[in-house]
Amino acid sequence: MVQILTPIYEPLFSEHSFGFRPNRCCEMAIVKALEYMNEGYHWVVDIDLEKFFDNVSHDKLITIVMRNVKDGEIVSLIRKYLVSGIMIDNEYKESVIGTPQGGNLSPLLSNVILNELDKELEARGLHFTRYADDCIILVGSSKAADRVMANVSKYIEKKLGLKVNMTKSKVSKPNEIKYLGFGFYYDRYSQLWKAKPHEISIQKLKEKIKKLTSRSWSVDMNYRLIKLKQLIVGWVNYYRIGYFKIKAKEIDRNIRFRLRICIWKQWKKPYTRYKALKKLGLEEWKCKTWSNTRKSYARCASTFLKVAISKEVLKKRGLVTLLDQ
């Protein structure tokens with residue numbers, strides 16, 4: 001069904017819409033937003049739709065679908081999909097509103113109804129970018145931003161039957177918003193607005209790294225390094241257009257520190273530590289002294305283990321760093 005509907009709707013979708021569409025991605029949405037910011041549109045209207053997938057009106061959606069889909073069987077199938085119901089704690093519940101989250105058709109149907117918003121914003125001559133239900137509008141002044149916030153919120157609620165979360169929606173400067181995991185800052189040297197991973201995104205990454213490098217997580221080091229590689233490569237690929245070199249160095253340093261603690265704990269006994277240090281090519285007196293130390297894990301990792309288990313050793317072992325990526 002998705003394959004049938006996509007060719008019908010693809011030409012109708014706005015060039016400002018980037019979510020759940022072929023050959024479109026978050027990166028394009030961020031690039032387009034930066035383009036507008038650097039053209040002088042320094043005020044952002046950040047509209048948050050409250051529980052979007054849960055609040056989509058079935059009648060409104062079917063009405064929009066029927067404008068372009070003339071096959072009654074397809075429309076009937078879409079209606080059945082929308083009212084198919086959900087299971088909560090092994091109990092069936094009817095779905096009289098909203099689209100099933102996680103379904104193959106939901107992303108396309110979300111674009112179908114939000115495409116109406118795109119057309120309205122384009123008709124008003126506004127500069128905006130939308131990824132799924134995350135939409136920001138960029139204007140030149142705070143007065144214009146307040147006016148757009150009021151008018152567009154009214155259109156969304158009255159015409160589309162959706163709810164705008166006024167506690168999360170706001171008018172602000174680019175450096176005060178979080179959009180698709182990115183934050184924005186003004187580079188005084190180049191005199192341009194640029195993107196970077198938002199502090200919340202970085203904090204979430206640190207929390208995931210903390211779990212993967214916990215010394216109480218008893219797993220094989222190879223498995224730990226594979227999971228770290230998957231996390232780091234995926235995260236950097238997503239945020240690659242942002243500037244985060246200084247943060248990357250800081251996070252890489254912390255990963256090495258925590259991995260040294262894990263390795264030191266795995267070696268456990270003095271004789272095991274002695275043999276491991278010897279294998280790393282250290283001098284005899286260092287192997288004996290360091291293997292019998294009573295210092296804490298953190299103290300060891302921040303002092304002599306930086307020499308014994310160097311960057312190069314960890315890299316050879318399979319550690320992937322943000323900076324390398």
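**A serine and its surroundings**

Tutor: Ser 310 is found in the loop between helix 14 and helix 15, the latter covering residues 311-317. Helices (H or I, at least four residues) and strands (E, at least two) are DSSP runs, numbered from the N terminus. The model is predicted: local features need pLDDT of at least 70 and side-chain atom pairs 80 or more, while totals for chains, interfaces and linings use all residues. Residues are numbered from 1 along each chain as its sequence is written, and side-chain values use heavy atoms, without hydrogens or water.

With a relative accessible area of 16%, Ser 310 is buried (under 20%; exposed is over 50%, partly exposed in between; 1.4 Å probe, protein chains only). Leaving aside residues up to four places away in sequence, Ser 310 touches Arg 260 and Leu 305 (contact means heavy atoms within 4.5 Å).

Next come the aromatic rings. The structure holds 12 aromatic pairs (rings of Phe, Tyr and Trp, its six-membered ring, with centres within 6.5 Å; planes under 30 degrees apart are stacked, over 60 edge-to-face, the rest tilted). In one of these pairs, Tyr 185 and Tyr 243, the ring centres are 6.5 Å apart and the planes stand at 85°, so the pair is edge-to-face. This pair links distant parts of the chain, 58 residues apart. Tyr 185 belongs to strand 7, residues 182-187, whereas Tyr 243 sits in the loop between helix 9 (221-238) and helix 10 (245-267). Tyr 185 is partly exposed, at 24% relative accessibility. Tyr 243, at 48%, also counts as partly exposed.

Another pair involves Trp 264 and Phe 304. Their ring centres lie 5.5 Å apart and their planes make 70°, so this pair is edge-to-face. Trp 264 is in helix 10, and Phe 304 is in the loop between helix 13 (297-302) and helix 14 (305-308), so the pair ties together parts that are 40 residues apart in sequence. Both Trp 264 and Phe 304 are buried. Elsewhere, one aromatic cluster is formed by Phe 182, Trp 235, Tyr 238, Tyr 239 and Phe 244.

Strand 4 pairs with strand 5, residues 134-139, over 5 bridges in the antiparallel sense. Within this pairing, His 127 stands opposite Leu 138 of strand 5.

Methods:
Pairing = 2+ DSSP bridges.
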